[in-house]
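Student: Could we go through this structure together, one question at a time?
Tutor: Gladly! Have a look at it, and then ask away.

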Number of protein chains: 2
Amino acid sequence: MAEGTIEPRVLKGFRDYLPAQEKKRRDFIRKVEDSFASRGFVPIDTPAMEYAEVLLGKGGGETEKQVYRFRDHGDRDVALRFDLTVPFARFMAEHLGELYLPFKRYHIAKVWRGENTQRGRFREFYQCDCDIVGPDSAGSDFEILASMASALNALGIRDFTLNVSHRGVFNLLLERLGLAGKSVEILRAVDKLSKIGKEETRTLISAIAGEAAAENILAFISPGGDFGEVLSRMESLTGGESPGSERLKRIKEMADQSGLGGSIVLNPAITRGLDYYTGIVFETFLGALPGIGSVCSGGRYNDLASLYTKERLPGVGASIGMDRLLAALEELIPGGYGARESGVIIPCMEESLLGAAFALAERLRGRGVSAEVFTEKKKLPQQFAYAEKKGIPFAVIMGPDEAARGVYGLKDLGSRESRDGLGFEELVQILAKDGA
Amino acid sequence: MAEGTIEPRVLKGFRDYLPAQEKKRRDFIRKVEDSFASRGFVPIDTPAMEYAEVLLGKGGGETEKQVYRFRDHGDRDVALRFDLTVPFARFMAEHLGELYLPFKRYHIAKVWRGENTQRGRFREFYQCDCDIVGPDSAGSDFEILASMASALNALGIRDFTLNVSHRGVFNLLLERLGLAGKSVEILRAVDKLSKIGKEETRTLISAIAGEAAAENILAFISPGGDFGEVLSRMESLTGGESPGSERLKRIKEMADQSGLGGSIVLNPAITRGLDYYTGIVFETFLGALPGIGSVCSGGRYNDLASLYTKERLPGVGASIGMDRLLAALEELIPGGYGARESGVIIPCMEESLLGAAFALAERLRGRGVSAEVFTEKKKLPQQFAYAEKKGIPFAVIMGPDEAARGVYGLKDLGSRESRDGLGFEELVQILAKDGA
């Protein structure tokens, strides 16, 4: 940094996205958006900044501490959104009259939290949510699960399991054990099973509920068996069939009938810590990278917007962990996700040929080939070095000789092989075949 | 609003985007991104929030008053970005070692300004910028102009003019008139020509520069004549050929050679109020809607990042007025921009057929047809009403009879015509033909 200038730096917990990373992120968002759209989800957007009262209504302790909150020019108490769920609830309450139910929306946008960056957390990140508000039906529960499968497929991921359970069935168990009043603490303990293991979880639950109850709960949440077997065990521990167990059965039937059966696992240890879930809950794990944890998760809630309206709005939703999945894709896809570049560069051979180069680039783009003109005369190796840094695979050569003859040269910037005297159609054919 | 709840409302100057509007905006962004990418521009992203010192360095009076600025949890003096140019300058200075020049980037993102909403301004809006940093060449100037033309073409707009001038040539005129010291005031007066007319502009300039000089300036900025004629007049009033007039000539040559000549107008009244432009400046007007003003504009600057680095970084850039263009597209495109929906709905005829409906939807999506399953049993007219509200053109009917026979019905929700007993391939063919 030079003296007398301002140090160019970003705030702690914030980051720039350079082209290589930002391209991947944009590609990711497009694939997920296309996948959602092809199933009938529609996009919305809400302001980054809202009345603090609207965003913090209930004032969740941990969240409130992390929220960016300040006074605006009109001395209004405002805050930056810290998730997309609260603004969606406000949105539904405000626009209910203009919308139709079921309302299937997706929203992919930035949120801000003043998190502790020591844990590797960022203070600005994307959330990627989809929800169906209106029906409380097995079909809409399944649609959300199937949407997650579609999104993962669209990203090129086939090996994953959707781990599903039902909060209602779990609550039945707690009622039978006389522990309904301690459900929040127990849910949080159960949520730790995969992290701390069975014995530590037993100790935790015993401390809350006593040893006998802990035994029952552990029997309920222990993995093992196929969907039917696990469901039978859950039913036998909760007094037989219940609306929750029936719902799980229906979801599994639909999954089997539509080809998703193999990806759905009944896993009663999935509870989701958050207390607003009332029906199905789920988390999603990658077969090749189980250690990174759940890449998308969600569940059914009883009432989305009770803070803002007396209208009851049940729904089911999911959130895709975009940063976690982007990192996973880097590991899973050989050569790196979205690493392959396409297109050509047209080097500037002579200043006087730039107009012809722009004309050629336009013709190539008209045939679906991305084409960049190098816009000033520099030594050719410098121009090639630029193209290589950008990952452009081909250069189309048009010097005075080629221009006079109406032909082109083509240089493969990877193999360094060249071909000369190509006509325009030949050029397009080669580039189309090589995916440029 | 019910009693005891929080009023669901957004801040003044902020707005929600409902699906119909947000779809248009996302479509707009994709088209512009694809257009930029096909020319070799790459995307970047920067944080929404930065150190206030970084964003406000020079402390522009009007801007500073509008900036959202506050103390974060670590008592840092932070602000929300109010444009994409300042963060880009900081980005270039910070990452110069990791990048290559010429650096061609685009950035489409939200910015925030506490503007006076009485003038119809919004406090949160998108900016859509592209820049080429590095070369000071006619080729890169032209690339930016051609990029604007490509972006407009990609949006379906053909009838527009890129109104170009050159700040250096204008400065020559002021020097000859001994008015170099008053250039900022005069630029601002000239900038008003199209709004207040020739006579009022004459009065304004006379007050700054005297009547004789005002006459000269008005002769210079008055429209009339083709590119060559205007250029001759500019040269004769500024002492003959100059680097600026040569640059304009070269840009026009390249435009003619690459098919853009007809869209470029030499308009010496274009000066752009901002004082950081040093070379070409331009504004873009729509032939069918001249009254809405410039829809994209920009120019060449001498040094992007002098606030943060001693490295000199000349560049040329442009900004697309997204909100203005979206409004223009609504007027220009019959039926509304992006209004046509595609795809089918599969109504729920029987709860037991939902799994088969999901399977059918998956098969249709595999063939490129967007397909939404209605996920609970309701009266058919209600399901059709939902599809119509969403603008879905077709319904695929699969009741118990169709399911038993392995056939489908198809209902056109616009014309209300139905066809029965279709096989899957027939269905796909009809839907592909109708663009569903």
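Student: Is B:Asp72 buried or exposed?
Tutor: A word on the source: this is a predicted model, where local features need pLDDT of at least 70, side-chain atom pairs count only at pLDDT 80 or more, and totals for chains, interfaces and linings use all residues. Residues are numbered from 1 along each chain as its sequence is written, chains are lettered from A and ligands numbered from 1 in the order in which they are written, and side-chain values use heavy atoms, leaving out hydrogens and water. Buried means under 20% relative accessible area, exposed over 50%, and partly exposed in between (1.4 Å probe, protein chains only). B:Asp72 has a relative accessible area of 10%, so B:Asp72 is buried.

Student: Which residue forms a salt bridge with B:Asp72?
Tutor: Side chains of opposite charge can pair when their charged atoms come close. A salt bridge here is a side-chain nitrogen of Lys or Arg within 4 Å of a carboxyl oxygen of Asp or Glu. The closest N and O atoms are 2.7 Å apart, and the partner of B:Asp72 is B:Arg76.

Student: How many residues apart in sequence are the parts that A:Glu388 and A:Arg416 tie together?
Tutor: These two side chains meet in a salt bridge at 2.4 Å, N to O. Helices (H or I, at least four residues) and strands (E, at least two) are DSSP runs, numbered from the N terminus. A:Glu388 lies in helix α14 (residues 380–390) of chain A and A:Arg416 in the loop between β15 (408–412) and β16 (418–422), so the pair ties together parts whose separation in sequence is 28 residues.

Student: Why does the salt bridge between B:Arg30 and A:Glu33 join two chains?
Tutor: The side chains of B:Arg30 and A:Glu33 meet at 3.1 Å, N to O. A:Glu33 is buried, with a relative accessible area of 6%. B:Arg30 lies in helix α1 of chain B, while A:Glu33 lies in helix α1 (residues 19–37) of chain A, so the pair joins two chains.

Student: How many salt bridges are there between chain B and chain A?
Tutor: One of them pairs A:Arg30 with B:Glu33 at 3.1 Å, N to O. Over all chains, the rule gives 88 salt bridges. Between chain B and chain A, the count is 18.

Student: What area is buried between chain B and chain A?
Tutor: The contact (heavy atoms within 4.5 Å) takes 104 residues from chain B and 104 residues from chain A. Buried area is the accessible area (1.4 Å probe) that two parts lose on being put together, summed over both. Carbon and sulfur atoms give 59% of the total, which is about 8900 Å².

Student: Which backbone nitrogen does the side chain of B:Gln127 reach?
Tutor: B:Gln127 is found in strand β6 (residues 124–133) of chain B. B:Gln127 is buried, with a relative accessible area of 13%. At 3.3 Å, the side chain of B:Gln127 reaches the backbone nitrogen of B:Leu84.

Student: How many residues of strand β11 of chain A are buried?
Tutor: Two strands pair if DSSP finds at least two bridges between them. In chain A, 6 bridges join strand β6 (residues 124–133) to β11, running antiparallel, and 6 bridges join strand β10 (residues 296–301) to β11, also antiparallel. Strand β11 (residues 315–320) is largely enclosed by the rest of the structure, because its buried residues number 5 of the 6.

Key. A polar contact is a pair of N or O atoms within 3.5 Å; within protein, one must be able to donate a hydrogen and the other to accept it, and residues adjacent in sequence count only if both atoms are side-chain atoms.
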